[in-house]
Amino acid sequence: MRVLVLGATGYLGGHTAGHLRAQPGVRVLGAGRAAGAGVSVDPPAGPPVSLPVDLTVDLATAAPAELASLIRQARPDAVVNCAGAVGGDALHLTGVNARGPAALCAALREAAPGARLVHLGSAAEYGPGTPGRPLVEDHPTRPVGLYGAAKLAGTLAVTGSGLDAVVLRVFNPVGPGAPAASLPGRLAAELRRAGPDGVVRVGDLSAHRDFVDARDVARAATAAALAPGPLPPVLNIAAGAARAVRDVAEGLAAAAGFRGRIDEKGADSARSAAVAWQQADVTAAAGALGWRPGYTLEESLADLWARTADA
């Protein structure tokens, strides 16, 4: 089976490509913006490895005809779209997260209409949750800000494409290799900068999020790509538990042996203020994919810090 992974040089794309490569009978082709670039990922067994990029493409700007040519070259049985952007200007955010999936669907209809498409969406598509009420897949989507709106547009392009497609709505990823643009990655970088007895300045840490290990996301994407039958249009991928962001800071501090002070008087995140609580219901993913989260938040944070300390 041939699987094309778009965004293979990114955080979730790298983990997904690594997990797929470990499956028997699966040939993985990685696609990213830079030819020959590699990303270090943790495979299901063994030390981190660097994965190559086989094909060059920028989903934010590629025309459907260009994508169709790439797909014909790859001849995939399944495509996993992990390409995405969480920062940048409006043109970049909408190009990668909204236009990109629409162009990909148009290319697949032309070049590989029978291929399974697995697209990584985001919990930001839901917007604020209600404490004590986990979000199910048919919950109304009310994104806050451009990022969530762009991700929702990408999801709608996929679910309305007529293809054999599923959107994995990923909540807050954590674990080894978390980028500095993410909250866990930023906290790990700040702890390393501060040293064991320093001061780490952050904003309010009282918001609650549903954190899921990137390796569990990779397992879900692999299961979705290889599943034999049709899947629901959208599946939540999360731990199924709301945890205070403060738990992430304290867990990383414990993993780092940090004896200093975490000061919450820094600048607050606008998104945290607007979305104070989110928790997913992951029942549908368990039923459709046989998937359940395998890592605890504490394990994810310990592995994140171990990778940060080795960098």
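In the predicted model, arginine 116 has a relative accessibility of 5% and therefore counts as buried, the limit for that class being under 20%. The side chain of arginine 116 meets that of aspartate 164 in a salt bridge, with a separation of 2.9 Å from N to O. This pair links distant parts of the chain, since arginine 116 belongs to strand β7 (residues 116-122) and aspartate 164 to strand β8 (residues 164-170), 48 residues apart. Aspartate 164, at 30% relative accessibility, counts as partly exposed, whereas arginine 116 is buried.

A second pair of this kind is formed by aspartate 303 and arginine 215, whose side chains meet in a salt bridge at 2.8 Å, N to O. Here too distant parts of the chain are linked, with aspartate 303 in helix α10 (residues 297-310) and arginine 215 in helix α6 (residues 214-226), 88 residues apart. Arginine 215 counts as buried at 11% relative accessibility, while aspartate 303 counts as partly exposed at 28%. The count of salt bridges comes to 14, and Arg201, Arg261 and Asp263 are linked in a network of such bridges.

A further salt bridge joins arginine 72 to glutamate 110, the closest N and O atoms being 2.7 Å apart. Arginine 72 lies in helix α2 and glutamate 110 in helix α3, so that the pair links parts of the chain that are distant, 38 residues apart. Arginine 72 itself is partly exposed, with a relative accessible area of 43%.

Helix α2, which spans residues 64-74, has as its buried residues Leu67, Ala68, Leu70, Ile71 and Ala74. Viewed down the axis of α2, these buried residues fall within an arc of 160 degrees, and they therefore line one face of the helix. The exposed residues Ala65 and Gln73 are carried by the face of α2 that is turned away from this buried side. The cover over the buried residues of α2 includes the elements β1 (2-6), β2 (27-32), β5 (55-56) and α3 (90-111). Following α2 is arginine 75, which has a positive phi, near 50 degrees.

Helix α3, which contributes to the cover of α2, also packs against helix α4 (residues 146-159), at an angle of about 5 degrees and with the two axes 8 Å apart. Because angles under 35 degrees are classed in this way, α3 and α4 are roughly parallel to each other. On the side of α3 the contact is made by Ala90, Leu93, Thr94, Asn97, Ala98, Pro101, Ala102 and Cys105, and on the side of α4 by Leu146, Tyr147, Ala150, Lys151, Ala153, Gly154, Ala157 and Val158.

When neighbours within four places in sequence are left aside, threonine 222 is in contact with Thr16, His19, Leu20 and Gln23.

Valine 26 lies in the loop between α1 (11-21) and β2, and is buried, with a relative accessible area of 16%. Not counting residues up to four places away in sequence, valine 26 touches Met1, Val3, Leu20 and Leu226; Leu20 is also among the contacts of threonine 222. The C-alpha atoms of valine 26 and serine 182, which are 156 residues apart along the chain, are separated by 30 Å.

Alanine 288, in helix α9 (residues 283-289), is partly exposed, with a relative accessible area of 29%. With neighbours within four places in sequence left aside, the contacts of alanine 288 are with Leu231, Pro232 and Leu235. Alanine 288 and glycine 229 are 59 residues apart in sequence, and their C-alpha atoms are 9.5 Å apart in space.

Technical notes. Residues are numbered from 1 along each chain as its sequence is written. This is a predicted model: local features need pLDDT of at least 70, side-chain atom pairs count only at pLDDT 80 or more; totals for chains, interfaces and linings use all residues. Side-chain values use heavy atoms; hydrogens and water are left out. Buried means under 20% relative accessible area, exposed over 50%, partly exposed in between (1.4 Å probe, protein chains only). Helices (H or I, at least four residues) and strands (E, at least two) are DSSP runs, numbered from the N terminus. The arc is that of the directions from the helix axis to the C-beta atoms. Contact means heavy atoms within 4.5 Å. A salt bridge is a side-chain nitrogen of Lys or Arg within 4 Å of a carboxyl oxygen of Asp or Glu. Axes are lines fitted to C-alpha atoms, for helices over the stretch in contact, and angles run from 0 to 180 degrees between N-to-C directions. Angles under 35 degrees count as roughly parallel, over 145 as roughly antiparallel, 65 to 115 as roughly perpendicular and the rest as oblique.
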